[in-house]
Amino acid sequence: SEEPQAGSWRELRNPIGGQRYWHHVGARLTTWSLVELLRLNGLEEFLLVGEWGVFAVVPEDVKTYEDLEWALPIYDNDRL
């Protein structure tokens, strides 16, 4: 099958459980898998449109990204 065209991915959350999922509007494709989103070039699109900033995935650590309780401390202090 053809890969989806750029410009149509949306990151959404399940209203019941809060899990992330991604939907491609043009291809009517939905995935709950970050690995599949990356395979379908979703990362490039989210970076280009500015919805995602710096993003790194260590394949062994995808579960950390999916963990709703995980947080990265960010400080609003130019001395850090």
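This is a predicted model: local features need pLDDT of at least 70, side-chain atom pairs count only at pLDDT 80 or more; totals for chains, interfaces and linings use all residues.
Two salt bridges turn up in a search of the whole structure, and both are described below.

**Confidence and conventions**
- Averaged over the protein, pLDDT comes to 75, and 62% of the residues score at least 70.
- Local features need pLDDT of at least 70 and side-chain atom pairs count only at pLDDT 80 or more, whereas totals for chains, interfaces and linings use all residues.
- Residues are numbered from 1 along each chain as its sequence is written, and side-chain values use heavy atoms, leaving out hydrogens and water.

**Salt bridge Glu11–Arg20**
- A salt bridge (a side-chain nitrogen of Lys or Arg within 4 Å of a carboxyl oxygen of Asp or Glu) links Glu11 and Arg20, whose closest N and O atoms are 3.6 Å apart.
- Arg20 is buried at 16% relative accessible area, while Glu11 is partly exposed at 28%; buried means under 20%, exposed over 50%, and partly exposed in between (1.4 Å probe, protein chains only).

**Salt bridge Glu36–Arg39**
- Glu36 pairs with Arg39 in a salt bridge, with 3.5 Å between the closest N and O atoms.
- Both residues sit in helix α1 (residues 34–39), three residues apart, so about one helical turn separates them.
- Arg39 is exposed, with 53% relative accessibility, and Glu36 is partly exposed, with 26%.

How values were computed
pLDDT is the predictor's confidence in each residue, from 0 to 100. Helices (H or I, at least four residues) and strands (E, at least two) are DSSP runs, numbered from the N terminus.
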